[in-house]
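Let's take a walk through this model, one residue at a time. Have the sequence and the coordinates open as you read.

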Amino acid sequence: MRRALVLALLLAGCVDAQVSERRQLGRYEGKDVSELILQWGPPESVIPRPEGPVYTFAGAAIGYATTSSTTSGAIGARPILATTSGSVPVSQQCRINVYTDGQSRIIGFRYTGVNSACADMYDRLH
């Protein structure tokens, strides 16, 4: 029961962060995409389409994954069990697609990947 409560609170925190970030991005809807480019720098790619181009911005962060290893053996007839733990760096990626209309106005956003990898990009929004 306690684990379920902790998990629910953690997930709620993630959802709150996503809602906050969507709100930040939402402030740019209707604005010219050049305003976003001033904040984030040049996009990774621009995909043309009849309705207006899609600009893709990329973010990255380093996270850490826990590791654990158990080794067993024996010294003589005496069994030995040794457990070691640590962490390893893991690269996390995020991509934000910015959809625009024919007048370069932002009409929507879609992001994929690990949300925390975009944290630096969200921090640069004014």
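Is Tyr111 buried or exposed? Tyr111 is buried, because its relative accessible area is 17%, and buried here means under 20%, with exposed over 50% and partly exposed in between (1.4 Å probe, protein chains only). Before going further, a word on ground rules: this is a predicted model, where local features need pLDDT of at least 70, side-chain atom pairs count only at pLDDT 80 or more, and totals for chains, interfaces and linings use all residues. Residues are numbered from 1 along each chain as its sequence is written, and side-chain values use heavy atoms, leaving out hydrogens and water.

Now for the rings. The structure holds 2 aromatic pairs; rings of Phe, Tyr and Trp (its six-membered ring) pair if their centres lie within 6.5 Å, and planes under 30 degrees apart count as stacked, over 60 as edge-to-face and the rest as tilted. Trp40 and Phe57 have ring centres 5.1 Å apart and planes at 70°, so they are an edge-to-face pair. Trp40 sits in helix 2 and Phe57 in strand 2 (residues 54–75), so this pair ties together parts that are 17 residues apart in sequence. (Helices, H or I of at least four residues, and strands, E of at least two, are DSSP runs numbered from the N terminus.) Both Trp40 and Phe57 are buried.

Tyr111 comes back in the other pairing: with Tyr122 it forms an edge-to-face pair, 6.4 Å centre to centre and 75° between the planes. Tyr111 belongs to strand 4 (residues 106–113) and Tyr122 to helix 3 (residues 119–123), so the pair links parts that are 11 residues apart in sequence. Tyr122 counts as buried because its relative accessibility is 2%.

Next, look at Thr100, in strand 3 (residues 78–100). Thr100 is buried, since its relative accessible area is 0%. Its side chain reaches the backbone oxygen of Pro53 at 2.6 Å. Leaving aside residues up to four places away in sequence, Thr100 touches a set of residues including Val33, Tyr55, Arg105 and Ile106, where contact means heavy atoms within 4.5 Å.

Two of those names turn up again at Gly30, which touches Arg105 and Ile106, not counting residues up to four places away in sequence. Gly30 is in the loop between helix 1 (2–26) and helix 2 (33–40). Gly30 and Arg105 are 75 residues apart in sequence, yet 5.3 Å apart in space, C-alpha to C-alpha. Gly30 counts as partly exposed because its relative accessibility is 46%.

Technical notes
A polar contact is a pair of N or O atoms within 3.5 Å; within protein, one must be able to donate a hydrogen and the other to accept it, and residues adjacent in sequence count only if both atoms are side-chain atoms.
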